[in-house]
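Here is a short report on one protein model.

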Amino acid sequence: MLVMRPAQLSDLAEVQRLAASSPIGVTSLPDDAERLRDKIIASEASFTAEVSFNGEESYFFVLEDTVTGKLAGCSGIAASAGYSEPFYSFRNETFVHASRALGIHNKIHVLSLCHDLTGKSLLTSFYIDHSLQSSDCAELNSRSRLLFMACHPERFADSVVVEIVGYSDAQSESPFWDAVGRNFFDMSYVEAERISGLKSRTFLAELMPNYPIYVPLLPDSAQDAMGQVHPSVQVTFDILMREGFETDHYIDIFDGGPSLHARTSGIRSIAQSRLAPVRIAELARGGRPYLVSNGQLQDFRVVLAELDWVPGKPVGVTAEVAEALGVGEGASVRLVAV
């Protein structure tokens, strides 16, 4: 059975294996043991901290196969994007250029460097084994953290953002980076993302142009790449769009990938999830797949289960599911349909 739970330091080797397989552009999951160790330690401290509002906390979850002990995926949340440094994005804007004498009135698409998204909660570090990308396990890996937010709303902001890895070709060349960032840094897209993952995105962002970039002046390949999603992360993009996230307003400053955003209260897994008492059954009748969470903090767990559940009634689960969640008869769980 696959169980989503908080990461532990003992997971380090497995987490680094996942990080090594993750796409270029997932800078929150660097293939570096020391950075990953710090990430897990910070997460463990966040789960134990007493929190009444979103601050510097970060929460990192892993998807464990309880039979083999191997990790099949991971994902995370930063309670506040850019808590210790500005969180930069390009904002899509329209400038109007007009001449009354010539009777000309033009609207021009521009990109403006901003940190509008600083302070919002940030979804990070998503990766799942390729063999599971097209299964419901991808929803388990992505949406479990949203159930955590539903269970502990005081720990998060009233808006959530997530950066989606943008388009790059088979040679890992990013048309957007080559047209914009490479003019200010003499390095490839891969090298820029590697440095960002190991150090910080801010020092690179601070050298980006502060003046608006006129999109029509960019090569067609760069314009086409703006807002495009890398094929390897299309699955998580689709999941988040179904959750109610929106795009079009902001893009990533490196590869031009979309920055999604949503009101926390309007996210489907948060707005539509429900609490129900547990009834342990010898053989629970299957109906449709649900994500089921125990709603706890340090011992937070989520599993995927086939349930025949009627809202307002107890939810019947097998002893195996109850054991995986660490709950007993009558305990309250939070669930949402897949």
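## Pocket, cores and cysteines

The largest pocket has a volume of about 1,300 Å³. It is lined by 50 residues. Closest to the centre of the pocket are Ser28, Lys39, Ala78, Leu122 and Thr124. This is a predicted model, and every value here is computed from it.

Several helices and strands take part. Helix H2 (33-48), helix H5 (189-198) and helix H8 (234-242) each supply at least two lining residues. So do strand S2 (58-65), strand S3 (71-78), strand S6 (121-128) and strand S7 (159-163).

Next, the nonpolar cores. The largest one has 80 residues. Phe90, Leu123, Phe176 and Phe245 have the most contacts inside it. Helix H3 (residues 137-151) gives the most to this core, with 9 residues.

Val333 sits in strand S15 (residues 332-337). Is Val333 buried or exposed? Val333 counts as buried because its relative accessibility is 1%, and the cut-off for buried is under 20%. Which residues does Val333 touch, leaving aside its neighbours within four places in sequence? The contacts are Arg274, Leu275, Ala276, Val278, Val292, Ser293, Asn294, Val315, Leu325 and Val327. Asn294 is 39 residues away from Val333 along the chain. Even so, the C-alpha atoms of Val333 and Asn294 are separated by 4.8 Å.

Now the cysteines. How many disulfides does a search of the whole structure find? The count is 0.

| Cysteine | Nearest cysteine sulfur | Distance | Relative accessible area |
|---|---|---|---|
| Cys74 | Cys137 | 14 Å | 0% |
| Cys151 | Cys137 | 20 Å | 19% |

A disulfide needs two cysteine sulfur atoms within 2.5 Å. For Cys74, the nearest such atom is 14 Å away, and Cys74 is in no disulfide. For Cys151, the nearest is 20 Å away, and Cys151 is in no disulfide either. Cys74 is buried, because its relative accessible area is 0%. Cys151 also counts as buried, at 19% relative accessibility.

Technical notes. Residues numbered from 1 in each chain as written. Predicted model: local features only at pLDDT ≥ 70, side-chain atom pairs only at ≥ 80, totals over all residues. Heavy atoms only, no water. Core = buried A, V, L, I, M, F, W, Y, C linked by side-chain atoms within 4.5 Å. Buried < 20%, exposed > 50% of the residue type's maximum accessible area, 1.4 Å probe, protein only. Helix = DSSP H or I, 4+ residues; strand = E, 2+ residues; numbered from the N terminus. Contact = heavy atoms within 4.5 Å. 1 Å grid on protein atoms, 1.4 Å probe; cavity = no way out; pocket = protein on both sides within 12 Å on 5 of 7 lines; lining within 4 Å. Points joined across faces, edges and corners; volume = space filled by probe spheres on them.
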